[in-house]
Amino acid sequence: MELRDYIRILRKGWILIAALTLAGVAAGALSSILATPTYVSSTRLFVSVQSADSATTGDAVQGSSAAQQKVRSYVDVVTSNSVLDPVIEGLGLNTTAAELASRITADSPLNTVLINITVTDTDAQQAADIANAVGASLTQVVVEELEMPTDGGASLVKIATIVPGSVASAPATPRTTLNLGLGLLVGLALGVGAAVLRSTLDTRIHGSHDVELITDAPIVGGISFDPGAKKNPLIVHVDPRNPRAESFRTLRTNLQFVNVESGSRCFVVTSSLPGEGKTTTTANLAVALAETGATVAVVDGDLRLPRLADTLGLEGVVGLTDVLIGRADLQDVLQAWGRGTMYVLPAGRVPPNPSELLGSKAMIALLESLNASFDYVLIDAPPLLPVTDAAILSKLTGGAIVVSAAGRTTRNELQSALRNLEHIGSKVLGIVLTMLPTKGPDAYGYGNYGAYYGMEQDTPEAGIGDLPAAPKTRSRSAR
């Protein structure tokens, strides 16, 4: 993955990242609110050891070394019962020596004769009182008991308090700023990780980037998602200035540059699975081609679930199957649509053997006749994965245009569909992405200009405004 791939993932998953980041900050704030405030107070003691005759410098150095050695032992004595029991009794604490020891820490900086005693408590005043009491108790235990000479006399060890414990002005915990910062970092890390993981596990086609990962076939068109497409599928006819209508004109323009070598203008429009918008794409592309004045024949080659006649508002009882079995002539079942340059051949009755009919000699002869009579021939074929009809038709035409719905089709499904065409030697002319998001990293790029174009003027463009409000139905003789 390149840097732009990670940027794309972050753009797509920014809502998840933001949500988890806010959740982390909220968790940090909640932990600070629910935590019981604790206060810290510290006292510092100075330990000295004197010899019986401390008149010389050597005796002073020897005493300092002895004090440093003893200090390490005194640190462990701080939390002993001998030191803490008098503190509990003197302050009237409702606790045990072990519980009190868990709230006391003692240490001695290296190469010093200092002892630092730190006490943590939920009450600031009590923390200071305990720290001072522990220091006094340690002094008494060490000087008057542990270091008292057996032959009597004064102890050679002296412990003095140089920094008494003071009342803390603010709690040591919770550290609200730290908790919020940690919550922010943890939430952000989880959000980024979740976004990357979701992108890795999500194998659906979302845009041109995903298509480029699995095929070298060109992307000849991109159609944005429109929730009202089922009510108004013929957007090129109903709302010619709509950005989606311009997307179909872009597809029309790109179609003029495919299959230039063979010169055949007979194309199969198919998809991997049902529901990806192949019929809507076929119908709108045919209308867009007819706008240029080209003669277009649209054939409903889906003999299993025909939808083209309903999309175009035509009667589809008689059509392709009747021509293939010799029940009707081509010129009798072709229906004109619009200004007269676009003709539709419905599917007719659903036969029991659609694959055999579509691969028959009659179908080959029919396509030759249509190729000779029209500038463009578009065949709306069934999906590639459930049945083989589209693959059969693609061998009889100039190639296949594969429609793939963003957010629905997976990369494996599209790859399998393309592989079905490649195995039989069919040509994949291009990929048309449908249902693309209008915002985000996978959005179709024409949107902004298309919106301006749609609002630029109220007068229909020449040629577009001449389209009738409803299709006309009439027969046409094949040329």
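## Secondary structure and overall make-up

The protein's secondary structure comes to 19 helices and twelve strands, and the model you are looking at is a predicted one. Of the 479 residues in the protein, 45% are buried.

Taking the contacts with a separation of 6 or more, 79% are between residues 24 or more positions apart.

Let's turn to strand β12, which spans residues 428-436. Eight of its nine residues are buried, so β12 is largely enclosed by the rest of the structure.

Two strands pair with β12. Strand β5 (residues 219-224) runs parallel to β12 and is joined to it by four bridges; here isoleucine 219 has isoleucine 431 of β12 as its bridge partner. Strand β11 (residues 400-405) also runs parallel to β12, with six bridges joining the two.

Strands β2 (residues 104-107) and β3 (residues 114-121) pair in the antiparallel sense, over four bridges. If you want a reference point in this pairing, alanine 106 stands opposite isoleucine 117 in β3.

Together β2 and β3 form a hairpin, with six residues between them. Within the turn, asparagine 111 has a positive phi of about 60°.

## Helices α1 and α7

Two packed helices are described by the angle between their axes and the distance between the axes. For helix α1 (residues 3-12) and helix α7 (residues 176-201), the angle is about 105° and the axes are 9 Å apart. Angles of 65 to 115 degrees count as roughly perpendicular, and α1 and α7 are therefore roughly perpendicular to each other.

On the α1 side, the contact is made by Ile9, Leu10 and Lys12; α7 contributes Val192, Ala195, Val196, Arg198 and Ser199. Sorted by class, this contact of α1 with α7 has five nonpolar, one polar and two charged residues.

## Nonpolar cores

In soluble globular proteins, nonpolar side chains tend to be buried together. In this model, the largest nonpolar core has 44 residues, and Leu320 and Leu366 are those with the most contacts inside it. Setting aside neighbours within four places in sequence, leucine 366 is in contact with Leu320, Val323, Leu324, Leu330 and Leu345.

Notes
Residues numbered from 1 in each chain as written. Predicted model: local features only at pLDDT ≥ 70, side-chain atom pairs only at ≥ 80, totals over all residues. Heavy atoms only, no water. Axes fitted to C-alpha atoms, helices over the stretch in contact; angles between N-to-C directions. Parallel < 35°, antiparallel > 145°, perpendicular 65-115°, else oblique. Contact = heavy atoms within 4.5 Å. Nonpolar A, V, L, I, M, F, W, Y, C, P; charged D, E, K, R; others polar. Core = buried A, V, L, I, M, F, W, Y, C linked by side-chain atoms within 4.5 Å. Buried < 20%, exposed > 50% of the residue type's maximum accessible area, 1.4 Å probe, protein only. Pairing = 2+ DSSP bridges.
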